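Me: I would like to go through this model by way of questions, taking the ligand and then a sheet.

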Amino acid sequence: MATTTNARVTTEDDITNEVLKRFEGTPDPRLRQIMLSLVKHLHGFVKDVQLTEPEWFEAIRFLTATGQKCTDIRQEFILLSDTMGVSMVVDLISHRKPAGATESTVFGPFHREGAPHMKMGDTIAPKDTKGTPTTISGRVLDTAGNPIDGARLDVWQADSAGFYDSQLPNSDELHMRGIFTTGRDGTYVVRTTRPVHYQIPNDGPVGRMLKATNRHPWRPAHTHFVVSAPGYEPVTTHIFDSIDPYLKSDAVFGVKDSLIVDFQTNDKGEATAGFDFVLKPAGK
Ligand code: BEZ
Ligand code: FE
């Protein structure tokens, strides 16, 4: 004979509501807001696609592999954030700029501390003999157009084969990086090689994700800058070469029109590019 009970039927929405209730007492209001929204969206996603158990285990395997791929010089989670477009959404939310101030873009995984301090006009590419010698120059200005004295430009770039120093066999050695400080006229001059488009690291889980979804791993040619000065909001940005074929399909969604620059070639076959960085006052 069947026994009847008063057992409560638990639905997916019951679980979501119960989880939300457990987070409701979070003392920090911002953390509370984030956790409640995260639970709502995460549960909503699982219900939307009716995620199966094998798919969830595969997702956990993927995230585990992403963590295991990370080392001091390999940042697979940054790559995941970048290729999912999350880094650029956070960038856009975080850095709303007044008209005229230089726009920001992704930081990426290849910045390193300890780059050498250089004099204006020094090259960051002393060993990159195959690339096109290139000079990038301009000024660092405030939003009123005045030059900023003592602005610091932290510059890094891939070499002409498309690799950052940390990807090379002698990965401890710093190359294609330098720190430049402006004088009273705000002028900077950086010698380098012409940036080339390159593939983001794709021999790990993020590369497998790109392949499975029929996406390419290319970034358009660019040079990275973090420009900062006391009293101003620092900007993390790139300048992009206007002739690059990947400007419209950057694997990490980092291109902004205001950062695209024409590189000119002179009669010696060398390239020049001009770009003024404009910083907004801190806290405004
Ligand atoms: C980079 O430009 O260095 C970069 C940015 C995001 C992902 C991979 C590389
Ligand atoms: Fe880069």
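This is a predicted model: local features need pLDDT of at least 70, side-chain atom pairs count only at pLDDT 80 or more; totals for chains, interfaces and linings use all residues.

Me: How many residues of the shell around ligand 1 are nonpolar, polar and charged?
Reply: The residues that surround ligand 1 include Leu-79, Asp-82, Gly-108, Pro-109, Phe-110, Arg-219 and Val-252. Tyr-164, Tyr-198, Ile-200, His-222 and His-224 are also among them. Divided by class, the shell around ligand 1 holds seven nonpolar, three polar and two charged residues.

Me: Which residue has a polar side-chain atom 2.6 Å from an oxygen atom of ligand 1?
Reply: A side-chain N or O atom of His-222 is 3.0 Å from an oxygen atom of ligand 1, while for His-224 the corresponding separation is 2.9 Å. The distance of 2.6 Å to a ligand oxygen belongs to a polar side-chain atom of Arg-219.

Me: How much of the accessible area of ligand 1 does the protein cover?
Reply: An oxygen atom of ligand 1 lies 2.9 Å from a side-chain N or O atom of His-224. On its own, ligand 1 has 270 Å² of accessible area, and the share of this that the protein covers is 100%.

Me: Which elements give two or more residues to the shell around ligand 1?
Reply: Ligand 1 is located in the largest cavity. The elements that contribute two or more residues to its shell are α4 (76–83) and β7 (222–228).

Me: Which strands stand at the edges, each with a single partner strand?
Reply: The five strands form an open sheet with mixed pairing, in the order β3-β2-β7-β8-β9. Because each edge strand has a single partner, one side of it is left without a neighbour in the sheet, and these strands are β3 (177–181) and β9 (260–261).

Me: Which residue in β9 does Phe-240 stand opposite?
Reply: Strand β8 (residues 235–241) pairs with β9 in the parallel sense, over two bridges. The residue in β9 that stands opposite Phe-240 is Ile-260.

Conventions
Residues are numbered from 1 along each chain as its sequence is written. Chains are lettered from A and ligands numbered from 1 in the order in which they are written. Side-chain values use heavy atoms; hydrogens and water are left out. A residue is near a molecule or strand if one of its heavy atoms lies within 4 Å of it. A polar contact is a pair of N or O atoms within 3.5 Å; within protein, one must be able to donate a hydrogen and the other to accept it, and residues adjacent in sequence count only if both atoms are side-chain atoms. Accessible areas come from the Shrake-Rupley method with a 1.4 Å probe; for residues, only the protein chains shown count as cover. On a 1 Å grid over the protein atoms alone, a cavity is a set of points where a 1.4 Å probe fits but cannot get out, and a pocket is an open set with protein on both sides within 12 Å along at least five of seven lines; lining residues have an atom within 4 Å of a point. A molecule sits in a cavity or pocket if more than half of its atoms lie within 2 Å of its grid points. Helices (H or I, at least four residues) and strands (E, at least two) are DSSP runs, numbered from the N terminus. Ala, Val, Leu, Ile, Met, Phe, Trp, Tyr, Cys and Pro count as nonpolar, Asp, Glu, Lys and Arg as charged, and the others, Gly among them, as polar. Two strands pair if DSSP finds at least two bridges between them.
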